[in-house]
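User: Please take me through this model by asking, for each label, what criterion stands behind it.

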Amino acid sequence: MAFSQTTLLLKLLLLLHLLCSIITTSTSAASDTHFQILNVNESIKGSRTDHAKMSQYNELFERHNNISSSNTSSDEARWKLELVHRDKISSSSNTTNNMHYHRQQHSFHARMQRDVKRVATLVCRLSGGGADAAKHEVQDFGTDVVSGMDQGSGEYFVRIGVGSPPRSQYMVIDSGSDIVWVQCQPCSQCYKQSDPVFDPADSASFSGVSCSSAVCDRLENAGCHAGRCRYEVSYGDGSYTKGTLALETLTIGRTVVKNVAIGCGHKNQGMFVGAAGLLGLGGGSMSLVGQLGGQTGGAFSYCLVSRGTGSSGSLVFGREALPVGAAWVPLVRNPRAPSFYYVGLSGLGVGGMRIPISEDLFRLTQMGDDGVVMDTGTAVTRLPTPAYEAFRDVFVEQTGNLPRASGVSIFDTCYNLSGFVSVRVPTVSFYFSGGPVLTLPASNFLIPVDDAGTFCFAFAPSPSGLSIIGNIQQEGIQISFDGANGFVGFGPNVC
């Protein structure tokens, strides 16, 4: 009898041990899914951008167009463009290490200064800034996207053909703008751009638009001079373009699109140095997406190349570009700002834990204020101050083992990771309305700000109730817009 009791006790102890092992293993596995490894050395190396001469990037674009035609479905390749970050393009690549370090420092701070101006402009436009603040409001095809830092204003660039025969031009892409424009000869005031300024006299397809044209009526602030429709776009930070409206042929990837309404800017100023103009991808009828209409079904997809990589991203138009398996989130329409792509954000998470903040902080009001905008032209995601502070505080709590550093520029939460090869950091997630959760790669929220190993939490408080999901948080993730059905998709592909 005693032997049986002892055997039973041993079996119970063994069972208890096994259960504890299973629980411990499960807890450990679950815990591991809420953390990521950030490769410190690779991130720093990636931030040391090797700037290419313009001729090298021209060759890259031409080579990509040839390669994409053989590696991509025929419909998609027709509308595909290469997308490159502005960090990649510079007028010179001959620099010493010391010059390189100072250029990197200058580049980072200049980027943050531009970002502050961009956000101030958006807040002005989207928070009842008045008519003056909102002045800047045509099958499957695509182009590659280049990051645009040394190109002046805008973060990402594509290369398209303008006119007949096509003249290749770098264009800033802007998901919050509803106009396509290029600098034009004769130019009474033009900034320096990488390619020769477009001359309408050399294009057989250029046609001016009369003041009585229906196209002219679609402009928010059209004017008239000598019977020609005039446009003026002000970007709120002092940048502007002024000129005449015209119909012109654009070559996008392998597709020729005729009669696209473009602004021919004869007087231009501001942060657009380097690019020939701007390719508006907003939700209005005068954006490229709006003008393409039925040819592309109101759909486009982009993949923003990560900073410091030698690769490029892509911009593809058309329903063929919409991926199977994406996490789809409904777009939220703001009648007061139809150019912008709003999404419903319900919360934020750190380390698998949802932060206890009210969803009302992210809600678009009935008056069209606040809400959450996805923007290619803003680098750093902005959040309403109460949401940001709660988000940051939890992140700081879960990274208490990492040595802190002083704040840098707009960032108040930084770390000294010099001497580390890699570090373990908690996951960071966006909780969207309707259920989808987007968990960001570690390199999208903890970024190097110098060569010395200083990394910062890449979020900042918003100066208003407006939230902006910036391009740093979008990097490396395929983003797809189905404007016809009102959805934005995340993934499943990466770049």
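**Labels and their criteria**

Analyst: Helix H7 (288–292), strand S15 (327–332) and strand S16 (341–343) each supply at least two residues to the lining of the second largest pocket, where helices (H or I, at least four residues) and strands (E, at least two) are DSSP runs numbered from the N terminus. This is a predicted model, in which local features need pLDDT of at least 70 and side-chain atom pairs count only at pLDDT 80 or more, while totals for chains, interfaces and linings use all residues. Residues are numbered from 1 along each chain as its sequence is written, and side-chain values use heavy atoms, with hydrogens and water left out.

User: What makes a set of points a pocket, and what is the volume of the second largest pocket?

Analyst: On a 1 Å grid over the protein atoms alone, a pocket is an open set with protein on both sides within 12 Å along at least five of seven lines, and lining residues have an atom within 4 Å of a point. The second largest pocket has a volume of about 330 Å³, a volume being the space filled by probe spheres set on the points. Of its 22 lining residues, the closest to the centre are Gly283, Leu331, Pro338, Tyr341 and Gly483.

User: Why is Ser346 called buried?

Analyst: Ser346 has a relative accessible area of 7%, and buried means under 20% (exposed is over 50%, partly exposed in between, with a 1.4 Å probe and protein chains only), so Ser346 is buried. Ser346 belongs to strand S17, and six of the six residues of S17 (345–350) are buried. Among the residues that Ser346 touches, leaving aside those up to four places away in sequence, are Arg354, Phe362 and Tyr431, contact meaning heavy atoms within 4.5 Å.

User: How do you know that S17 pairs with strand S24, and what is the sense of that pairing?

Analyst: Two strands pair if DSSP finds at least two bridges between them; five bridges join S17 to S24 (residues 428–432), and the two run antiparallel, with Tyr431 as the bridge partner of Gly347. S17 also pairs with strand S18 (residues 353–354) over two bridges in the antiparallel sense, and Val350 stands opposite Met353.

User: Which strands are called the edge strands of the open sheet of four strands?

Analyst: The order is S21-S22-S27-S26, with antiparallel pairing, and S21 (404–405) and S26 (446–448) are the edge strands, as each pairs on one side only. Three bridges join S26 to S27 (residues 454–457), and Cys456 in S27 is the bridge partner of Ile447.

Terms used. 1 Å grid on protein atoms, 1.4 Å probe; cavity = no way out; pocket = protein on both sides within 12 Å on 5 of 7 lines; lining within 4 Å.
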